[in-house]
Amino acid sequence: MSLKRMILTLCGFYCVMGIMPLFFGGTDYIMNILIMILIWAVVASCWDVIMGFAGIFSFGQVAFYVIGAYASAILSVSMDIPPVFSIIMAGVITGLVGVLVGLPCLRLAGPYVALVTFAVHMTLVPFLRGPLGRAIGSGGSQGILTIPPIKLFGLAFSSDQLVPFFYLTFFLTIICTLVLVLMIKSYWGTAFLALKDSENFAASLGISAFKYKLMVFALTSFITGLFGALYAHYVGMLSTKMLSMDVFTILMIMMVIGGIGKYPGVVVGAVITVTLSQLLAPLGMYRPLIMGAIVVVLVLFLRDGIISPIIRLLSPLQRVVVEEE
Amino acid sequence: MFLEIIEVFTSGLINGSVYALMAVGLTLVYGVTKAFNFAYGSFYNLGGYFAWVLLIPLGVIGGYFSVFFMAIPFFFIVGYLLEKVLISPLRKYDDWEMKVMMLTLGLSLFMDFGYQAIFGPRIKSLPGIIEGTVQVGEVVLFQQDIVIFILSLSGMLCFWWILNNTRTGMAVQAVAQNPAGAQIVGIPKDFIFAATFAISTMMVGFGGILLCQKNFVDPMGSTDIMIKAWVITAFGGMGSIRGSLYAAFILGMLEAFVGWYFGMIHVQIATLTLLLVTLAIRPRGLMGRE
Amino acid sequence: MLKINKLNTYYRESHILKDVSVSVDRGQVVIMLGPNGHGKSTLLKSICGLVEKIDGQILYDGQDITGLASDKIVNLGVTYIAENRELFPYMTVMENLKLGAYSKNARGNEKENMAWVASLFPKLMQRQNQLASTMSGGEAKMLAIARGLMSDADLLCIDEPGLGLQPSYRVEISQIIKEISRQGKTVFIVEQNIPQLIEMADKIYIMEEGGISFEGGKYDVLNNEQLKEIFLGL
């Protein structure tokens, strides 16, 4: 997709998102969905950059999200660090963990990367519940229940006042989206596409596969951790339930709907999936059952996600916009 | 102290033998079809529920003998259909490896919660294959453990024999070693892919029956098993049957001793550490080939 | 026996074979010459069902085999012997040979074929328990040919058997192909490094840029100084 079209699609999407509180500001149910869409859209975009553009089979995206959330929660609860700083520190910590995981694993062949990152995910549960986690303040299997809300210039951003929190998240989302778009389209982006195409070819151009993969891994981990932290201060409590396969699958559905490497398809995927997941919430344990079935069916029948058909539908409209400029 | 170590050792050996049975099936699938089956653990649970349904509500005649007898064709057909219906249509895509991972992950979620919906969220226990103990010197062994060990070992020997002495077994190895060469000599790749899935599903189902009757059937236990099987496979070298055999026993022992000395909660962390260190030194596992 | 009408093949965006028509009669030795990378291998692979996107018609014994799966084609008696050998590296010589007789039509004659292969390649038989990956290039090439013969095929499509080999092996290969032909097998071969083969040829094709640029008997080539120089380096 061309840069112009990508930015236009994103602009259109975020403009619509930005004015949503004007209509639904009073309805907490819908505001909650909107905030979750913003958060998940960024997390899923990061995953798309990792999988679709850098060609890394990482299955650790939810793990990084949870690491960010827990890091910020622990810092602000146990060490009394103001959330504004703890969120940024959580991002840095997650980025470092990303480097730590990436160092041994990005040199490996594709499936091994998937396996190691997924093993990191699976190990987080016993880690956070066990004595090691309790020692650093994870709260064991109970989790952390009293995470302070974000305070900025004397304003409290919490789940009591959804509209201000929405705009805080919106602001961060726009910044991170810009970073991701730059990453995809800049020299890095070209390098990644070359890497995905053929590592030997890229290597001959002097592009070190490992270095760039590590860079993208660190940066996306940072952003993911940042949004995990944001989420922690939004909901005010955390538990290892966030690591259940249920959450992982929701993120995966966003990718399947959006199409891997079809950015900003995942953003559309996030809108559909978050809404669907909220609507299915009353079904209890049938929700993951249905989610699992949706993945199977979508992977089988949706080749490139739904963004391509949508763009084909919208292309006359977009052409009008482009021509008017 | 010494007696305790012997006990821990035997439990490591027994778990190792069942893990070997399951990991060998998984590594075979990867080696031959290059597909990454993330639903493997859910088929382990299918083994447990299969035995439970036959033994408890249906009260089938012949007990475990009939269970094993019926499990073989059942899991063969399930595995065959899995490949034909869900995996092989994905092969036409460029990024089919990623799609297979996603599909099987979704399938595993579907199956796990399907078990909960059908059988309820609580764990189920199976009657033991055999009760009683054997005393060797001062060491007391459960007859059940001995039966598990013998059955999983004979399952593996059976598998080894099929792989090396039948035409289809040789064809399976041929596809793993050189898919293009296999096509040239006229081996029908599609059939071999499906047959490999069928064999591996048979092995994990068999392992599921063996371990579930020792422990219990836990609808949420599948991810744990899946990760174990995958770690063993990666640790041993993906696609290397001998490697995963060694890795299974090493991991069984590690698990038994770490669990005994430090507590079960540390087992997964120890396992991951071992995997990361191994892959840092040998990026293709213990016995992986270039 | 083999008749190809207007065959076209595609790989990704490129059009490899363009309207290729070839015919091979039973018992003949047909040789395909031409520069590298102009589609000779692709033609042999298309016949044997190893190329995905093909368009046109391939008739074998009057039966349309276009787009048929490779295992079905091997069953009908058409076998491809690859230029890069495609052996099973971690199997022994004997196991490789046995897998050569995998197809249904070859199973019944496995013993006779094994005896024939043993008489043709005595050196291979001495190494029957050696792993294929440990063999030298020339030996591996012999094994690839031997494995192809185990399939009991009537039509053998041999892809550059002499490529990268020492002259002694090339002489051996030409003798083996003569012997194969004497057994009544049809041979369709892509090769330009073994001049001795030209002597045996019943028909010669030259392929350039994905199309047939020349068709004729061996004397047409041998008497044409220009062709001789360009394609045979004589």
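The following legends describe close-up views of a predicted model. Local features require pLDDT of at least 70, side-chain atom pairs count only at pLDDT 80 or more, and totals for chains, interfaces and linings use all residues. Residues are numbered from 1 along each chain as its sequence is written, chains are lettered from A in the order in which they are written, and side-chain values use heavy atoms, with hydrogens and water left out.

**View 1. Interface of chain B and chain C.** Contact (heavy atoms within 4.5 Å) involves 18 residues from chain B and 22 residues from chain C. The two chains bury about 1900 Å² between them, 63% of it on carbon and sulfur atoms; buried area is the accessible area (1.4 Å probe) lost on putting the two parts together, summed over both. Arg167(B), Ile184(B) and Val185(B) supply 38% of the area that chain B buries against chain C, more than any other three residues.

**View 2. Salt bridge between Glu110(C) and Arg167(B).** The closest N and O atoms of this pair are 3.3 Å apart. The rule (a side-chain nitrogen of Lys or Arg within 4 Å of a carboxyl oxygen of Asp or Glu) finds 1 salt bridge across the interface of chain B and chain C.

**View 3. Open sheet of chain C.** Its 6 strands have the order E7-E8-E9-E4-E10-E11, with mixed pairing; strands are DSSP runs of at least two residues, numbered from the N terminus, and two strands pair if DSSP finds at least two bridges between them. E7 (78–81) and E11 (211–216) of chain C are the edge strands, each pairing on one side only.

**View 4. Strands E8 and E9 of chain C.** E8 (residues 155–159) and E9 (residues 186–190) of chain C pair in the parallel sense over 5 bridges. Val190(C) in E9(C) is the bridge partner of Asp159(C).

Notes: Helices (H or I, at least four residues) and strands (E, at least two) are DSSP runs, numbered from the N terminus.
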